[in-house]
Amino acid sequence: MAIPIIYNLRNLVVRKTTTAMTALGIALTVAVLVADFALVNGLQEVFRRSGNPLHVLVLRKGSNSELASSVNREVYQNLREQPAVAKNSLGLPMASPEVVTSINVPSSASARGITVTLRGLTPIGIEMRNVGIEQGRWFQAGQREVVIGKSIARRSGRAGLGTTLRFGKGHWVVVGVIEEQDSALSSEIWGDFNQISSDFNRSDSPSSVLLRVADAAAVPGFINFINEDRALKASAISERAYYDRQTVAGAPLQFLGIFVAIIMAVGSSVAAMNTMYAAVSRRSVEIGTLRVLGFSQGSILLSFLIESLLLSLVGGLLGCLIALPLNYFRTGVGNMITFSEIDFQFRVGLGAVLAGIAFAFIIGAIGGLFPAHGASRREIVDALRGA
Amino acid sequence: MIRFLPLVLKNSTRNRRRSALTVASLAASLCLLGVLMAIYRVLLFGGDPTPAQALRLIAHHKVSLAQSLPIAYVGRIQRIPGVRAATPWQWFGGSYADPAVPRNSFARLAVDPSQTFRVWPEFTIPDDQRQAFEQQRTACIASRALASKLGWKLGERITLVGDYLPVVLDLNLVGIFDAPEATEVLYFNHEYLRESLSVGSLQRDTVSQIMVQAAVPNDVTSVAQAIDALFENSAYPTTTESERVFLLNFVSFLGNFKLFLLAISAAVTFTILLVSGNTLSMSVRERFREVGILKTLGFTSPLILGIILGEAGVIALAAGTIGCIFAWLLCSIVAQGAPAFIPGIKNLGVTPLIAGLDLLIALLVGLTSALLPALSASRTSILTSLRHTG
């Protein structure tokens with residue numbers, strides 16, 4: 001027969017200082033883990049929203065980023081005529097040659113400014129992205145004008161609507177701000193393909209070609225077709241997969257977070273063990289009494305284990321609460337693939353919270369197992385004597 | 001006070017299991033704190049620059065690290081007064097052997113062999129090996145750490161397959177150099193890379209960065225300014241900064257490590273406070289009666305306070321020592337496993353300063369946490385404590 005859980009609850013309340021201190025220790029550990037998950041989650045979300053499953057990105061063979069790629073204009077001409085490529089309402093093939101590089105934008109926070117991805121694209125490229133302008137207007141073809149992602153405008157503090165940026169061969173006017181998307185595109189600056197490619201001497205070699213395939217089922221076949229055509233010297237990848245690969249940008253911080261959480265867990269499970277041993281030794285007489293009343297060794301073991309788990313549950317919930325305000329926290333990490341910064345928001349999702357609670361339970365189980373086992377194995381007579 | 005040390009020690013080991021668990025728990029936190037401080041040091045502090053480091057400058061494109069500089073800049077920089085040596089510094093990227101195997105990732109750079117050991121005077125190499133590197137086009141040299149990691153011997157054939165530089169390079173290992181700090185790097189001849197690139201390729205005439213060694217410390221700032229002034233109005237303006245500043249900026253690009261490290265360290269320190277405070281108050285509560293007996297024997301309140309604080313100190317220092325040892329172990333594991341692009345990570349280690357700080361924090365936090373229970377015990381009247389029934 002099981003000992004009622006209310007017994008454990010009351011005991012935790014009676015020793016409220018010890019309970020609070022131990023639970024808080026567990027809470028901090030859980031908070032670190034949840035924060036780490038929220039960081040990775042936020043970053044993944046940004047990249048997940050960036051890739052359209054119907055889009056295929058064509059790079060030069062061997063390149064793994066747009067920044068380090070250049071595709072011949074002929075390749076673009078060839079690919080846009082492929083039957084698998086979707087057409088827009090005007091009957092034009094949805095194929096966008098793009099030139100991508102990174103530039104430096106002044107920042108109010110750092111004298112060095114921040115590094116941002118600059119993308120030169122044609123009206124088709126904008127149409128394929130399906131984004132709107134929040135303030136101002138789109139850049140005009142043939143003009144030295146750019147539009148700026150909202151995240152960049154916010155992070156920079158000094159580049160916004162109406163300001164002038166200096167890059168390439170001269171000055172550019174910011175004529176619009178791209179609406180908030182929480183995608184990697186919000187961390188970019190866009191301008192006219194011809195203007196930008198001539199400034200960077202890339203007129204005959206766009207960085208990449210983005211294609212929309214009419215039918216989702218045809219995407220893998222189309223990718224294979226491009227990869228196997230040796231004459232093209234190009235490699236194709238789905239846009240989704242391209243962005244998925246970039247989540248490694250958060251790897252150094254992610255590694256640090258998990259590393260810290262595991263070591264802290266060792267510390268807090270040992271601390272929980274200490275608290276539970278103290279609980280067992282203080283309640284020696286009670287344990288003896290319970291045994292005399294007929295509760296089995298198993299129910300004593302279970303009872304103390306449950307008490308430890310309850311303690312860790314309090315800690316786990318508290319830890320999630322501590323991490324919750326992070327939801328409003330934005331930061332940027334350097335992306336080693338595009339060599340520019342990605343702005344993202346922490347996301348404390350259900351997954352992170354569940355992982356945090358599970359983590360707390362593991363800490364509680366490790367901390368409670370040995371003391372509970374010790375309690376259940378005591379001789380009744382010794383226990384009653386309080387020795 | 002010293003004569004009560006045996007009593008303090010005896011008290012600390014009275015409940016062996018509890019003391020051991022407390023020490024273990026605190027040691028885990030202190031070990032973590034040590035590792036975090038070590039990471040902070042290599043990433044954001046970097047220690048004092050060595051004389052050679054203090055003289056080294058990096059010139060890169062003003063706008064972004066992703067943009068290159070014309071190779072002709074190297075010669076023009078070499079002619080600036082106060083410059084001892086300058087070399088192109090071209091990141092090769094690409095892959096060696098099976099790129100999926102982590103140990104095959106290391107830094108590969110194209111440089112000017114005749115300038116290499118003047119820009120990095122702290123590197124040492126036998127003269128014949130240095131000459132071979134300068135004379136053979138396809139020659140390459142590796143740092144000792146890299147050569148021993150991959151088991152390379154002199155004469156090893158090394159094939160690098162490029163990605164954004166679309167070439168395959170067949171290199172011959174002619175030398176292994178020693179560097180004062182652990183670094184995994186392979187240098188090869190920039191001329192060979194240029195020849196391999198197709199004529200007319202834009203990449204043929206550009207380099208990622210240019211590394212410069214100034215002649216004397218007083219010149220460093222003026223040389224940096226002279227380089228930037230020289231190219232200010234060209235199509236490729238430069239930013240020239242010391243190696244130290246460059247690395248710090250690169251780390252801040254990777255992410256806001258400073259804030260993350262400080263936030264986590266604060267959480268860890270607070271955990272230590274909780275754990276230590278919890279244990280100490282449990283011990284003191286159990287010995288309430290005993291305190292009364294000690295007082296009847298003539299122990300004064302301050303003395304009792306000292307004895308309890310002493311016990312906290314002993315436990316904290318024991319934990320600090322164990323924590324430092326584990327931090328040292330962990331640092332060497334992390335240094336082995338961390339990706340090579342994080343600057344300085346291969347030098348991660350617990351320095352005497354970090355160990356000292358760690359012990360100091362242990363002691364301070366231990367004493368602080370003991371203060372409350374110790375004060376309440378020492379202030380309680382004899383009667384109350386003797387009446388106490390645990």
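Reader: In this structure, are helix 9 of chain A and helix 2 of chain B roughly parallel or antiparallel to each other?

Author: This is a predicted model. The axes of helix 9 of chain A and helix 2 of chain B cross at roughly 160° and come within 8 Å. Angles over 145 degrees count as roughly antiparallel. Helix 9 of chain A and helix 2 of chain B are therefore roughly antiparallel.

Reader: What is the handedness of the crossing of helix 9 of chain A and helix 2 of chain B, and how many nonpolar residues does the contact have?

Author: The crossing of these two helices is left-handed. Helix 9 of chain A brings residues including A:V260, A:M264, A:G267 and A:Y277, and helix 2 of chain B brings residues including B:R17, B:L21, B:S25 and B:L32. Of the residues in this contact, 2 are charged and 5 are polar, and the number that are nonpolar is 13.

Reader: Which element of chain B gives the most residues to the side that touches chain A?

Author: The contact between the chains involves 45 residues of chain A and 40 residues of chain B. On the side of chain B, the elements giving two or more residues are helix 2 (16–45), helix 10 (243–254) and helix 11 (257–286). This side divides into 24 nonpolar, 13 polar and 3 charged residues. With 13 residues, the element that gives the most is helix 11 of chain B.

Reader: At what angle do helix 2 and helix 9 of chain A cross?

Author: Helix 2 covers residues 16–50 and helix 9 covers residues 251–282 of chain A, and their axes come within 9 Å. Helix 2 passes helix 9 in a left-handed crossing. The two helices are roughly antiparallel, a term for angles over 145 degrees. The crossing angle is roughly 165°.

Reader: How many charged residues are in the contact of helix 2 of chain A with helix 9 of chain A?

Author: Among the residues that meet are A:T18, A:G25, A:V32 and A:D36 in helix 2, and A:L253, A:G257, A:M264 and A:A271 in helix 9. By class, 14 residues of the contact are nonpolar and 8 are polar, and the number of charged residues is 1.

Reader: Which element of chain A gives the most to the side of domain 1 that touches domain 2?

Author: Chain A is divided into domain 1 (5–48 + 248–385) and domain 2 (55–212). Their contact takes 12 residues from domain 1 and 15 residues from domain 2. On the side of domain 1, helix 2 and strand 12 (340–345) each supply at least two residues. The element that gives the most, with 5 residues, is strand 12 of chain A.

Reader: How far apart do the C-alpha centres of the two domains of chain B lie?

Author: Chain B is divided into domain 1, made of 2–47 + 255–387, and domain 2, made of 68–235. The C-alpha centres of these two domains lie apart by 47 Å.

Reader: Is A:N130 buried or exposed?

Author: A:N130 is found in the loop between helix 4 (123–129) and strand 4 (133–136) of chain A. Its phi is near 60°, a positive value in a residue other than glycine. A:N130 has 8 of them, so it is exposed.

Reader: What is the value that phi of B:A97 is near?

Author: B:A97 lies in the loop between strand 4 (95–96) and strand 5 (107–111) of chain B. B:A97 counts as partly exposed, with 13 C-beta neighbours inside 10 Å. In this residue other than glycine phi is positive, near 50°.

Key:
Residues are numbered from 1 along each chain as its sequence is written. Chains are lettered from A and ligands numbered from 1 in the order in which they are written. This is a predicted model: local features need pLDDT of at least 70, side-chain atom pairs count only at pLDDT 80 or more; totals for chains, interfaces and linings use all residues. Axes are lines fitted to C-alpha atoms, for helices over the stretch in contact, and angles run from 0 to 180 degrees between N-to-C directions. Helices (H or I, at least four residues) and strands (E, at least two) are DSSP runs, numbered from the N terminus. Angles under 35 degrees count as roughly parallel, over 145 as roughly antiparallel, 65 to 115 as roughly perpendicular and the rest as oblique. A crossing is left-handed if the near helix is turned anticlockwise from the far one by less than a right angle, and right-handed if clockwise. Two residues are in contact if their C-beta atoms, placed from the backbone, lie within 7 Å. Ala, Val, Leu, Ile, Met, Phe, Trp, Tyr, Cys and Pro count as nonpolar, Asp, Glu, Lys and Arg as charged, and the others, Gly among them, as polar. Domain bounds come from an automatic or database domain assignment. A residue is buried if 20 or more other C-beta atoms lie within 10 Å of its own, exposed if 12 or fewer, and partly exposed in between; C-beta atoms are placed from the backbone.
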